[in-house]
Each structure stands twice: as C-alpha cells, then as structure tokens.
Amino acid sequence: MNAKLKQKLSKLPVSPGVYFHLNSDGEVIYVGKAAVLKNRVRQYFQNSKKDPKTEALVSEIADTEWITVDTEMDALFLESEKIKQYMPKWNILLRDNKTVTYIKITVKDEVPYITFTRIPMDDGAEYIGPFYGKVALEKALRSLRRIFPYYTKPYTGRKTLDTDLGLTPGIEIGKCTPAEYKKNLRKLIRLMWGDRRGLIHDLEKTMEKASREGNYELAAEARDQLFGLNELKKKIVFSDKEFLDISSDQALADLQKLLGLSQPPRRIEGYDISHQSGTNAVGSMVVFVNGASARDKYRKFKLRGKGSDDLKSMVEVISRRLKHQEWGYPDLIILDGGITQVNAVLPLLEPLGIPVIGRDKSGDHSKSAEVKIVFNNKLIKLDKTSHIARLIARIDEEAHRFAITYHTLLKRKSMLK
C-alpha cells in the first residue's frame with residue numbers, strides 16, 4: 001500500500017456510498033457499494049486470506065475514491081449507474097457468480113408494471129441496471145413500493161390482496177386514474193436513476209404550492225412521499241455478505257487446502273435424495289458458484305428406479321447429471337451420505353477428475369448437527385463455527401430443502417390422480 005492510499009483510507013467516512021478502486025494509470029478497475037464506506041473499503045487491505053482473484057485485484061489498487069450518499073438504497077442505484085459508466089474489468093471477473101438483473105418498466109403500456117429480467121429487450125420498455133445480487137434489489141423495491149405503489153403484473157382491472165395492502169395505485173377501485181399513476185411512476189423512476197435530492201426538492205415545492213392553493217389531498221400525498229423518502233435512511237437493503245464477501249472466500253480456500261485441490265472450487269454441486277417408503281423418489285442438485293447459491297442452475301431428477309435404495313438412487317442421479325456436459329462439470333461434489341455413498345459414485349467421477357465428499361450426519365439431520373465429512377475413506381470432523389463447515393452445511397441443507405420440495409410436489413400430484 002502506497003503512502004497516498006494509506007492516507008486516503010484514514011479519511012474514509014462512516015456513511016453509505018459507492019467506492020472506486022483505481023490502478024496506477026488512474027483507470028477505474030472496480031466499483032462497489034457499502035453501508036459504511038470506512039468498514040467496507042478497509043476490508044480489502046486487511047491481512048486476511050482472500051481468494052486468488054481478490055488478491056489480484058488488491059495488488060492492482062493504487063488509489064481509491066468514493067461518493068457518499070444519504071441511504072443504502074441510493075448506493076445500490078448509484079453503483080449500477082457507475083458500473084455501466086466505467087465497465088470495470090474486476091466487476092466482471094469477481095462477480096461472474098452473480099446473475100445480472102435489470103428492472104423492467106413497461107412505460108408504454110396504458111397501465112405500466114414493474115418486473116425483473118435478466119435480458120433487456122428492444123420492446124419500448126424502460127430498463128434500469130445492471131444490478132449484481134438480486135436480494136438487495138428486491139428489498140429496495142419492496143420498500144419503494146410502499147411510497148410509490150405500482151403493479152408487478154399486466155393490469156387486469158381486478159382487485160387483489162396487493163390492492164388491500166396499498167401496494168397498487170388502486171386504479172381497479174377508482175383510487176386514481178392511469179394518468180395519475182404514470183405521473184407517480186415517473187417519480188419512482190427518477191429515484192431509481194439517482195435523482196433523489198432533486199425529487200425531494202420538487203416534492204417540497206409541490207406540497208407548499210398545493211397547500212397555498214387549498215389542494216390538501218395533493219399536499220398530503222406529497223407530504224407522505226417525502227416522509228417515506230426520509231424513512232429510507234433507516235432501511236437496510238444490503239449487507240457486506242451480499243456483494244463481495246471476502247470472509248466467505250476463506251471457506252473456498254480452506255476447502256482447497258483440506259482436499260488438496262489445485263485451486264479453490266469455484267462451482268460446487270450438492271446432492272440429496274428424497275422419497276416416502278420408496279414412492280415419489282426424487283434427487284436434487286443445487287449449485288453454488290464462488291460460495292453463493294446459483295438457483296438458475298439447480299436441477300431436479302424424478303428417479304426411474306423403484307424402491308427405497310438411496311445408494312442406487314444417488315448413483316442414478318450422478319450418472320444422469322454427468323450426461324449433461326453443457327451444464328459444465330463441477331469442481332467439487334457434496335453428497336448427503338457417508339463412506340458407502342461416496343464410494344458408490346467414485347467410479348463415475350474419478351475418470352473425470354471430479355472430487356467428491358460426503359456429509360455424514362449419522363442420523364442427525366437437525367440444523368445443529370455436527371459437520372463431519374467423508375473424503376478419501378476418512379471421516380473428518382470440522383469446527384462448526386468455521387467458514388468451511390458453515391458453507392458445507394449450507395449447501396447440504398439447500399440440497400435437502402430442494403429435494404423435499406420436489407418430492408412434496410410429486411406426492412400431491414399423485415394424490416390428485
């Protein structure tokens with residue numbers, strides 16, 4: 001770390017904002033958002049283990065700049081705008097585990113609606129994004145919908161639960177007209193494009209003017225919207241774990257060391273079997289990329305074999321999965337099972353060089369179960385509080401949840417026949 005950068009870090013504020021890492025040529029190489037700039041930016045330079053990509057990013061950082069904002073929500077939208085502006089190379093390299101999300105607003109519809117999409121189209125809609133990490137975006141939109149109600153599906157004219165909750169503009173019950181709805185929607189769009197302060201200024205003018213003219217309904221609406229915008233300062237819409245979790249990289253580095261892998265396992269697949277006395281047997285495959293779940297890559301298998309032989313079922317699932325080379329092979333597989341299950345699938349995986357471990361719960365399927373894994377015919381007990389144990393438990397629990405969900409669906413269908 002050079003002296004200039006060290007001095008910069010000492011001046012970091014404790015407010016929300018967006019930060020920019022620059023290289024020695026002054027080029028922006030990474031853009032990130034933070035709830036507390038001082039804590040987040042300093043994380044990069046702490047003496048903690050990081051994955052190779054993060055280490056490479058840090059080695060290039062020669063300077064850091066930042067923009068402070070009023071709320072975490074402002075940081076979320078500003079980050080998206082700045083990534084689009086600078087197209088920093090490390091945002092792509094570090095965030096390839098995250099699905100890119102856009103906000104789609106069908107502004108040309110008589111009654112527009114807002115939804116999420118991965119691919120913008122040339123269809124006349126307004127698209128805001130890209131955003132990396134859908135969880136924070138969904139939290140933000142839920143909060144904003146209470147201030148500026150909107151529809152999430154094409155308008156049908158029918159009253160819904162959202163109508164009763166005040167989450168729609170209420171055209172369906174005569175609360176407002178499509179024109180009034182569109183006017184309010186433009187305020188929300190301004191906010192998402194980062195013009196929060198300008199919007200607040202205009203709302204204050206509207207409230208004052210409406211009060212003077214005796215239009216108390218309009219004045220009250222502007223007042224409520226101003227109050228809602230000020231309340232956004234108290235909203236937590238993202239945490240450090242949702243955008244670049246350096247600490248979770250520790251789990252991948254530990255797995256690499258424990259299993260003797262050539263590199264941290266980028267793509268990990270978890271498998272589980274679910275049935276009821278041998279009926280409606282299913283297998284689940286969940287995928288975690290760089291330590292984060294990638295739900296669009298999950299797969300489920302309706303088992304062809306009959307009976308309750310979990311061993312044969314697991315072999316069937318792995319065998320069918322390996323036929324799909326187009327999915328890309330995993331760097332590591334985690335099974336729900338012990339030595340017997342692991343040894344049963346080894347002949348399928350060893351020729352492909354895919355390592356496999358089993359989570360041996362020994363009958364204890366509670367969330368407080370010890371984290372013990374099977375690897376190379378050895379039972380290894382992990383510290384439950386360690387990063388590696390938490391990651392393995394999370395993947396195993398997600399595979400179990402996904403299998404149970406699919407099994408329950410098939411069970412209900414069979415009961416309706």
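On a 1 Å grid over the protein atoms alone, a cavity is a set of points where a 1.4 Å probe fits but cannot get out, and its lining residues have an atom within 4 Å of a point. This is a predicted model, in which local features need pLDDT of at least 70, side-chain atom pairs count only at pLDDT 80 or more, and totals for chains, interfaces and linings use all residues. Residues are numbered from 1 along each chain as its sequence is written, and side-chain values use heavy atoms, leaving out hydrogens and water.

**View 1. Welcome to the largest cavity, with a volume of about 50 Å³.** A volume here is the space filled by probe spheres set on the grid points, which are joined across faces, edges and corners. The count is one cavity of 30 Å³ or more. Look for Phe77, Ser80, Glu81, Lys84, Ile128, Gly129, Phe131, Met192, Trp193 and Gly194, which line the largest cavity. (Helices, H or I of at least four residues, and strands, E of at least two, are DSSP runs numbered from the N terminus.) The lining has five nonpolar, three polar and two charged residues. (Ala, Val, Leu, Ile, Met, Phe, Trp, Tyr, Cys and Pro count as nonpolar, Asp, Glu, Lys and Arg as charged, and the others, Gly among them, as polar.)

**View 2. Here α4 meets helix α6 (residues 134-147).** Their axes come within 11 Å and cross at roughly 125 degrees; axes are lines fitted to C-alpha atoms, for helices over the stretch in contact, and angles run from 0 to 180 degrees between N-to-C directions. The two helices are therefore oblique to each other (under 35 degrees is roughly parallel, over 145 roughly antiparallel, 65 to 115 roughly perpendicular, and the rest oblique). From α4, Met73, Leu76 and Phe77 touch Ala136, Leu137, Ala140, Leu141, Ser143 and Leu144 of α6, where contact means heavy atoms within 4.5 Å. By class, eight residues of this contact are nonpolar, one is polar and none is charged.

**View 3. Now see how α8 and α10 pack, with their axes 13 Å apart.** The angle is about 25 degrees, so α8 and α10 are roughly parallel to each other. Find Asn184, Lys187 and Leu191 in α8, which meet Glu221, Gln225 and Leu229 in α10. This contact of α8 with α10 divides into two nonpolar, two polar and two charged residues.

Methods: On a 1 Å grid over the protein atoms alone, a cavity is a set of points where a 1.4 Å probe fits but cannot get out, and a pocket is an open set with protein on both sides within 12 Å along at least five of seven lines; lining residues have an atom within 4 Å of a point.
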